[in-house]
Amino acid sequence: MKVREVVEETERVSFEAVHVGLMAHRVCRGASDWRSTLGTTFGIFLNLIKYNIGAIARRSCVAGVLTVHSPDQANNPMVMVGDFFWIVVSHRNPYTGCVGPDMWVSTMTRGEFPGFARMMAFFKPPMEHFAGLAYSFGQHYRASKIQFQSDGPWTPAVLDGDPVAAGKLLQVEHAPAAWNVVAEKPLPTELPTEYYDVPQLSAPAEHWLAEHPAPEGTHVLAPAAAPKQVNVWGWALGAAVAGAVAVAVYFKH
């Protein structure tokens, strides 16, 4: 994928994924921010908690305009205006998580944020991203090019794990000739079973899957069972400790 900051005329290349969103940006930044003090793991999880809590109050969302150009209707782009918690552009199929020839963009707006507990479960190893984003994100589009224009002066982004303070207008274009896939064909259409242990479907994801069922023959996950009863007081204590830590260092960065 070719990644271009339109105003600044800066170009980069991304192979795994491009993420747009303050949470993704700050989580990756957390590793370097805390490396010399409490360690990279602390920084990552601190920002993961902090910015997922912030999504509830819009604090972690990026307002802007997302324009998606479909490979089938390049001259009739789809335009979305809103507060985006997370935008992911990658070659992973949203149903299966398998890397393929198409570029996909998946979006989660503030209104589609499934709640703190559900999003924290997303990051349980090996991370739900690898199972396919159709089970947690609200919308998915096959695209040849996307543009995101932030309402603010910059765009918080992540390119293949590296946090980038991108410009106001960020463009990602499908570039299939930029790399060679050396894996034997046909490419995998299903991952090992352990990658598909995901929580219950979020409500926006369930709605999208109902309107966009997986193509025939495509591996797709069934909704998980309802969550088991949990120790409410244990969760409350854990949340209180995590909240105290987050509040104590909230204004550090």
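The following dialogue examines how terms are applied to this predicted model.

Modeller: Residues are numbered from 1 along each chain as its sequence is written, and side-chain values use heavy atoms, with hydrogens and water left out. Because the model is predicted, local features need pLDDT of at least 70 and side-chain atom pairs count only at pLDDT 80 or more, while totals for chains, interfaces and linings use all residues.

Biologist: Why is cysteine 28 called partly exposed?

Modeller: Buried means under 20% relative accessible area and exposed means over 50%, with partly exposed in between (1.4 Å probe, protein chains only). Cysteine 28 has a relative accessibility of 26%, so it counts as partly exposed.

Biologist: What makes cysteine 61 buried?

Modeller: The relative accessible area of cysteine 61 is 13%, and therefore cysteine 61 is buried.

Biologist: How many disulfides does the structure hold?

Modeller: A disulfide is a pair of cysteine sulfur atoms within 2.5 Å. The structure holds zero disulfides.

Biologist: Why is the pair of phenylalanine 84 and phenylalanine 148 called edge-to-face?

Modeller: Rings of Phe, Tyr and Trp (its six-membered ring) pair if their centres lie within 6.5 Å; planes under 30 degrees apart count as stacked, over 60 as edge-to-face and the rest as tilted. The structure holds 11 aromatic pairs. In this one, the ring centres of phenylalanine 84 and phenylalanine 148 are 5.8 Å apart and the planes stand at 85°, so the pair is edge-to-face. Phenylalanine 84 lies in strand E5 and phenylalanine 148 in strand E8 (residues 145–150), 64 residues apart. Helices (H or I, at least four residues) and strands (E, at least two) are DSSP runs, numbered from the N terminus.

Biologist: What makes the pair of tryptophan 86 and phenylalanine 137 tilted?

Modeller: The centres of tryptophan 86 and phenylalanine 137 are 5.3 Å apart, with 50° between the planes, and the pair is tilted. Tryptophan 86 belongs to strand E5 and phenylalanine 137 to the loop between helix H3 (116–122) and strand E7 (139–143), so the pair ties together parts 51 residues apart in sequence.

Biologist: How do you know that tryptophan 86 is buried?

Modeller: Its relative accessibility is 5%, so tryptophan 86 counts as buried. Phenylalanine 137 is also buried, because its relative accessible area is 0%.

Biologist: Which residues have the most contacts inside the largest nonpolar core?

Modeller: A nonpolar core is a set of buried Ala, Val, Leu, Ile, Met, Phe, Trp, Tyr and Cys residues joined through side-chain atoms within 4.5 Å. The largest has 41 residues, and Phe85, Trp86 and Val89 have the most contacts inside it. Strand E5 gives the most to this core, with seven residues.
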